[in-house]
Amino acid sequence: MTVDRVTATEEALAFIKTLEEKHGPLMFHQSGGCCDGSSPMCFARGEFRIGDSDVYLGDIGGMPFYMSQDQYEYWKHTQLIIDVVDGRGGMFSLDGPEGRRFLTRSRMYSQDEREAMKKEETAR
């Protein structure tokens, strides 16, 4: 069993495709608060510098998704589910002027998923 740390709804995947057509390859970074709250931020790939303290969670719609290590420690027991809703996005995120914004939902991993993740980490 492979467990995805981040997934996206069909509606979010369609929105990602729309943004990709306008801006080219994208990347995501889960905001940790401050100006844009705790929302997934969408950038043109390479526009946001990933650091040593950022954790790669996986891809959504073929686009890499990252989160800071500190924030990951709080969220590591949950699967992130990226959705899209009406409203203005973060001021630095590509979804900002679109009238729609990405939103992070989450769910706790099941016991079976947690065990599978431990096996994956041990195998590395």
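Which residues line the largest cavity? The lining consists of R5, L57, M67, Y72, W75, K76, T78, L80 and Y109. This is a predicted model, in which local features need pLDDT of at least 70, side-chain atom pairs count only at pLDDT 80 or more, and totals for chains, interfaces and linings use all residues. Residues are numbered from 1 along each chain as its sequence is written, and side-chain values use heavy atoms, with hydrogens and water left out.

**Cavity**
- The search of the whole structure returns 1 cavity of 30 Å³ or more; a cavity is a set of points on a 1 Å grid over the protein atoms alone where a 1.4 Å probe fits but cannot get out, and lining residues have an atom within 4 Å of a point.
- The largest cavity has a volume of about 40 Å³, a volume being the space filled by probe spheres set on the points.
- Its lining divides into 6 nonpolar, 1 polar and 2 charged residues.

**Pocket**
- The largest pocket, with a volume of about 180 Å³, is an open set with protein on both sides within 12 Å along at least five of seven lines.
- Its lining comprises V3, R5, V55, Y56, L57, Y72, M117, E120, E121 and R124.
- Those residues divide into 6 nonpolar, no polar and 4 charged.

**Residue H29**
- H29 counts as buried because its relative accessibility is 9%, the limit being under 20% with a 1.4 Å probe and protein chains only.
- The side chains of H29 and D54 form a polar contact of 2.8 Å (a pair of N or O atoms within 3.5 Å, one able to donate a hydrogen and the other to accept it).

Definitions and conventions: Nonpolar A, V, L, I, M, F, W, Y, C, P; charged D, E, K, R; others polar. Buried < 20%, exposed > 50% of the residue type's maximum accessible area, 1.4 Å probe, protein only.
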